[in-house]
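Please examine the structure shown below together with its sequence.

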Amino acid sequence: MKLAEYAVKEKIINLNNENSFDNLVIKKSKLSDNKLVYQNSQQGIWLYQANCLEFMDKLIEKYPNGIFDMIFADPPYFLSNGGITCQTGKMVSVHKGDWDKSKGAEVNHAFNLEWLKRCQALLNPNGTIWVSGTQHVIFSIGYAMQQLGMKILNDIIWEKPNPPPNLSCRYFTHSTETILWAAKNEKSKHLFNYADMRKENGDKQMKNVWRFTAPAKDEKNFGKHPTQKPIKLVERCILASTNPQDLILDPFNGSSTTGVCSIKHGRKYVGIELEREYIDLSIKRLDSEIISKLNQGN
Ligand SMILES: C[S@@+](CC[C@H](N)C(=O)[O-])C[C@H]1O[C@@H](n2cnc3c(N)ncnc32)[C@H](O)[C@@H]1O
């Protein structure tokens, strides 16, 4: 059944026109077409094919005091530089895409500072940001957060129980990623759904080490993104730091994992992605999630 057939059943999320992302017009640039490619205003879901720096500049013009309750950002890790890794038992070179190539420590850091600065401006005073990364990028992110006066709340360690083996046998097996959770600034009174996290953890305080497997097969039903995050991981970040109907941004949308989790939990979402291939994958995932939600009558 097609999405349109469900239109009348759709739950209307209260968004006045002021806070709708339907009609943001930004000019096509050398970097991107910068256009709206998916929207479901009733559910509060928007996806733009855009360069996130240009698009966030446009958002800042419209919302100079911030608008987002939470941002999840999974930026390029800058690790596609001819190294090797193991994929389904085979040695393959690491090439996730040109967007993932390192341009040197200085340029990589300057980029991180630029997009983080825009995210900080777009957060509500009490909003928070989660940024994931490996050793290739996470120190730069942490330093940029300090330079911008953000308040780092936690460094979450995502532990992967089944990581690919290290083929060179010259290092420990890489089996973790870090997710930095930070508030807009030192004055922020950030939201933490402590009781929900405690309940999820068998009535004990939840630690900052989270164990989740890589995305399950059914999370890749519509195709693969090379650095897709597991639903359970992003879901936990959302449930820990937002309330229903809050507004979430992901400036590096990829396959829309953050969008899918937002729909699942009744949050509004704006995603920004550069590559058409991942936009097409995202549209299928977002549509499917909305249909399954409406089927459940939520
Ligand atoms: C690490 S991936 C995000 C994966 C995502 N979390 C998921 O679960 O699918 C980073 C994404 O950012 C996109 N990207 C890179 N630079 C960008 C930019 N300047 N503006 C917008 N998107 C960008 C890439 O095309 C890639 O899909």
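This is a predicted model: local features need pLDDT of at least 70, side-chain atom pairs count only at pLDDT 80 or more; totals for chains, interfaces and linings use all residues.

Residues are numbered from 1 along each chain as its sequence is written.

The protein chain contains seven helices and eleven strands, taken as DSSP runs numbered from the N terminus (helices are H or I, at least four residues; strands are E, at least two). Of its 298 residues, 34% count as buried; a residue is buried if 20 or more other C-beta atoms, placed from the backbone, lie within 10 Å of its own, exposed if 12 or fewer, and partly exposed in between. Among contacts between residues at least 6 apart in sequence, 68% join residues at least 24 apart, a contact being two C-beta atoms, placed from the backbone, within 7 Å.

Two packed helices are described by the angle between their axes and the distance between the axes. Axes are lines fitted to C-alpha atoms, for helices over the stretch in contact, and angles run from 0 to 180 degrees between N-to-C directions. Helix H5 (residues 231-241) packs against helix H6 (residues 257-264) at about 60 degrees, with the axes 9 Å apart. H5 is therefore oblique to H6, given that angles under 35 degrees count as roughly parallel, over 145 as roughly antiparallel, 65 to 115 as roughly perpendicular and the rest as oblique. On the H5 side, Ile 231, Val 234, Glu 235 and Ile 238 meet residues of H6 that include Val 260 and Cys 261.

H6 also packs against helix H7 (residues 276-295), at an angle of about 10 degrees and with the axes 9 Å apart. H6 and H7 are therefore roughly parallel to each other. Gly 259, Val 260, Ile 263 and Lys 264 of H6 take part in this contact, and among their partners in H7 are Leu 286 and Glu 289.

Elsewhere, Pro 161 lies in the loop between strand S7 (151-159) and strand S8 (176-183). Pro 161 counts as exposed because it has 9 C-beta neighbours inside 10 Å. Although Pro 161 and Thr 213 are 52 residues apart in sequence, their C-alpha atoms are 6.1 Å apart.

The ligand is surrounded by 18 residues, the closest being Asp 74, Phe 252, Gly 254, Ser 255 and Thr 257. Thr 257 also belongs to the H6 side of the contact with H5.

Technical notes: A residue is near a molecule or strand if its C-beta atom, placed from the backbone, lies within 6 Å of it.
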